[in-house]
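Let's walk through this one together, one question at a time. Have a look at the sequence and the fold first.

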Amino acid sequence: SLSDKLQNVFKKLRSKGVLTEDDVKEAMKEVKRALLEADVNFKVVKSFIKAVSDRAVGEEVLKGLNPGHMVIKIVKEEMDKLMGSDVTELKLLPSNEITVIMMCGLQGAGKTTTAAKLAYQFKNKGKKPLLVACDVYRPAAIKQLQINGEKVGVPVFTMGDNHKPLDIAKAAILHAEKNHMNLVFIDTAGRLHVDEDMMDELAEIKENINVTYTVLTVDAMTGQDAVNVATTFNDKIGIDGVILTKLDGDTRGGAALSIKAVTGKPILYAGMGEKLTDLEPFYPSRMASRILGMGDVESLIEKAQNAIDDEKAKEMEQKFRKASFDFNDFMEQMDQLEKMGGIGDLLSMMPGMSSQMKNVQIDEDAGKKPKAIIQSMTPNERCLKDPISPSRKKRIADGAGVQIAEVNRFLKQFEQSKKMMKQMSGMMGGKKRHGGFK
Ligand code: GDP
Ligand code: MG
């Protein structure tokens, strides 16, 4: 895989005491080959390599104590840049207006599934979504949307398969207005390949109704093709963002790396499985880590050193010792972890952790709600002065816009994290005290 190949390149660099210009050149040649094999767009590779080389050959690296790490750091930073450094989720209109999202993409890309996933997420945030069946070509398409809609508890609007998609979309918006719904997903038809009829149909919808966002769904497994599809859709009908599906598979990462750079449009979400809960915001930085395959201790230190300043780490360690770690600390720790690329990433880097974690089961998705939950707590609850009683749980859940089960899950996760952080703080503290991590 791409990460294996890059790992090899970095391993070679790491064993060097001093890094010469030739080392960098040689390494970049291999990085280039690895990226191309991973189906990253050629132009993107070229400018990427140039950006990394320019920085890596500079004095900064040659004088660095640990040149291999410097190169990894630069590669990682350039990858972040390529994919856009921030998370870009869809911003919906205020609830008294109807946000219309047109889902488009090739057949099998995941439009119908993703529409239901999104509807579900926004429903949980208090929006009133409507799924609209505008794929009138595939016989089973309407039924599929209805099944998905039922699973996530979101109504589906259909007029059967003998109306024009534009007419269905228009009627659906009227229906939404009448029923005080505020989020409409138009599930359009795809084709096996980019096709004039499909583009015309989408363009017609866009010209005649007020589409807030045109969202393109592409299959990450199709690599370079995904990028070409994104370019074509963007040129022909204009897209606002991309959803990359099937990132749970053994994808080569090429699409994720190239789409933003080639189209200028952000990746909004990542499809992580067939289940209707398997949708995550797209974290460019995590994706970069994943591509780089940073599953080792050295990178952990590298990242940890960048993100956690020593002062804070010490302070936390004291807290763990005194077992006074509370929700405020948890919040702070979450921010630190985010900077480091997520708790899942971090755990995978800890020696022996991945096998332990099999029993503990970290839910990456649940990692997104803690902040909202903590924010719904009173100051006394946050610092553990007031225990979270059942009635408090209910209030917190309501405040955070989540189910009570979610609060329970979080409280359990909090306890687990407390334990984990304790181990981690031991590691970090140990490093400081003994001046080495081994
Ligand atoms: P559409 O033709 O674009 O509407 O695509 P569908 O929504 O029907 O999805 C096609 C297939 O891909 C279905 O079997 C989905 O379950 C599957 N699928 C969609 N998104 C994902 C994903 O993120 N991961 C995985 N593994 N499968 C997905
Ligand atoms: Mg479909």
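Q: Which residue has a backbone N or O atom 3.3 Å from a nitrogen atom of ligand 1?
A: A quick note before we start: this is a predicted model, where local features need pLDDT of at least 70, side-chain atom pairs count only at pLDDT 80 or more, and totals for chains, interfaces and linings use all residues. Residues are numbered from 1 along each chain as its sequence is written, chains are lettered from A and ligands numbered from 1 in the order in which they are written, and side-chain values use heavy atoms, with hydrogens and water left out. A polar contact is a pair of N or O atoms within 3.5 Å; within protein, one must be able to donate a hydrogen and the other to accept it, and residues adjacent in sequence count only if both atoms are side-chain atoms. The residue that reaches the ligand's nitrogen with its backbone is G273.

Q: How much of ligand 1 does the protein bury?
A: Taken alone, ligand 1 exposes 570 Å² (Shrake-Rupley method, 1.4 Å probe; for residues, only the protein chains shown count as cover). Of that area, the protein buries 83%.

Q: Which strands form the edges of the open sheet?
A: The sheet has eight strands in the order β3-β2-β4-β1-β5-β6-β7-β8, with mixed pairing. Two strands pair if DSSP finds at least two bridges between them. Pairing on one side only, the edge strands are β3 (156-157) and β8.

Q: Which residue of β7 is the bridge partner of V242?
A: Strand β6 (residues 241-245) runs parallel to β7, and three bridges join them. On its other pairing, β7 meets strand β8 (residues 279-281) in the antiparallel sense over three bridges, with A270 opposite E280. For V242, the partner in β7 is I267.

Q: How many residues of strand β7 are buried?
A: Buried means under 20% relative accessible area, exposed over 50%, and partly exposed in between (1.4 Å probe, protein chains only). Strand β7 (residues 267-271) is mostly covered, and of its five residues the buried ones number five.

Q: Is the pair of F327 and F414 stacked or edge-to-face?
A: Rings of Phe, Tyr and Trp (its six-membered ring) pair if their centres lie within 6.5 Å; planes under 30 degrees apart count as stacked, over 60 as edge-to-face and the rest as tilted. These two rings are 4.1 Å centre to centre, with 25° between the planes, so the pair is stacked.

Q: Which residues form one aromatic cluster?
A: F414 also pairs with F410: their centres are 6.5 Å apart and their planes at 45°, so that pair is tilted. F410 is buried, with a relative accessible area of 3%, and F414 is buried at 1%. The cluster consists of F327, F410 and F414.

Note on methods. Helix = DSSP H or I, 4+ residues; strand = E, 2+ residues; numbered from the N terminus.
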